[in-house]
Amino acid sequence: MAETPIRLGILGYGEISRRLSKLSKAIALVPNITLVAIGSRRIHKATAITSPEGFPEWVKMYESYEAVLDDPDVDAVYVPLPAKLQPEWAVAVAEKKKHVLLEKPVAPDVAELDRVLAACEANGVQFMDGTLWVHHPRTAEMEEFISDRQRFGQVKSIHTCFTYYANPEFLENDFRLKPDLDGLGALGDAGWYCIRAILWAADYQLPNSVTALPGSVFNKDGVLLSCGASLIWGDGKAATFHCSVLSNLTMEITATGTKGTLQVHDFVVPFKQYTASYSTASGSCLQELPTGWKARPSEHSVVSHLPQEALMMQKFAGLVARINRNGKETDNMKWPAMSRKTQLVLDAVKISIEKGCEGVEVGS
């Protein structure tokens, strides 16, 4: 017998209207979750796109966030607010015994995130952040390669980059670049993806230390527009990343092992919605004559029948349904742990930048 779909509410509209409209369409593609309520302090904007192209007509539009939390028909809540506002509302969601899907960056720092995770644990609800690319089937296939000691070996270096060129209106008005709303800027928006990709490739082993790279760029309010860092592990692994809202759109992962190499050129958002590619090489070396490579990189394509927004919602709803049936299991617990490790590294990068690129030990 088919399970009853998880009923989702959303807090916020305003600046993120395009994202929510896209998310609504993605939710409609999966059977185990349905959108039932939106709380918006700009309800006139939200109501304006309630149509077959926007939110379904049955979605309840509330003029406050509290109304969504008080709605008995809501099982879980997506919170896509600025980072400095999210912890307060995520805690409130959990205390209403509703499951939490929190947009990234999830919090200003790990102390605030820990408040959220403690509330979720105390109330027996699921926590997940909104990092989309980890749900794409390409990610699982790439993970098989980098976990293969024969084809990839031991990971030695990881390099990630996520940049995009923001227009003047974005640079002037977007909440991600406002110190009173977000404060993390490019580090929280784009750097989060880079750090998560590094940790993913390192099997979520935290680095020992982080050192910011010179050349960070700030706006007039002191919010980061561009930055990078190096990460070092005790076993000799090393990683670097660069993130920026001032450079051409780039989404790269290169992971190098003792026996193989993985490369991805569109890890955050695939070039195509339903097909995503990556390249691998194993045992590569130069041949003497004729000059060239032995074991050149090969490209692999992965088909997905759903966009990654829908895959994330499908996974989140499945975790919630599992809790409803059996209580929390191992798969339920790994998602908050991944978020917390990402936040720990992000915090260390921010501190290193503030200290003039001094090395900073990563917390625990």
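Let me begin with a term: buried means under 20% relative accessible area, exposed means over 50%, and partly exposed lies in between, using a 1.4 Å probe and protein chains only. By that cut-off Asp189, at 8%, is buried.

Now the ground rules. This is a predicted model, where local features need pLDDT of at least 70, side-chain atom pairs count only at pLDDT 80 or more, and totals for chains, interfaces and linings use all residues. Residues are numbered from 1 along each chain as its sequence is written, and side-chain values use heavy atoms, with hydrogens and water left out.

Salt bridges next. A salt bridge is a side-chain nitrogen of Lys or Arg within 4 Å of a carboxyl oxygen of Asp or Glu. How many salt bridges does a search of the whole structure find? It finds 19.

Stay with Asp189. Its side chain meets that of Arg176 in a salt bridge, 3.5 Å from N to O. Asp189 sits in helix H8, and Arg176 in the loop between helix H7 (168-173) and H8, 13 residues apart. Helices (H or I, at least four residues) and strands (E, at least two) are DSSP runs, numbered from the N terminus. Arg176 is buried too, at 18%.

Asp114 is in helix H5 and Arg340 in helix H10, 226 residues apart. Both are partly exposed: Asp114 at 27%, Arg340 at 23%.

Lys60 lies in strand E3 (residues 60-62) and Asp71 in the loop between helix H3 (65-70) and strand E4 (76-79), so the pair ties together parts eleven residues apart in sequence. Is Asp71 buried or exposed? Buried, at 3%. Lys60 is partly exposed, at 29%.

On to the backbone. Lys104 and Pro105 are joined by a cis peptide bond, with omega about -5°. Pro105 lies in the loop between strand E5 (99-102) and helix H5 (110-123).

Then look at the loop between H8 and strand E8 (209-212), where Asp203 is found. Asp203 is not a glycine, yet has a positive phi of about 55°. Tyr204 is in the loop between H8 and E8. Its phi is positive as well, about 60°, and Tyr204 is not a glycine either. What about accessibility? Asp203 is exposed, at 64%, while Tyr204 is buried, at 14%.
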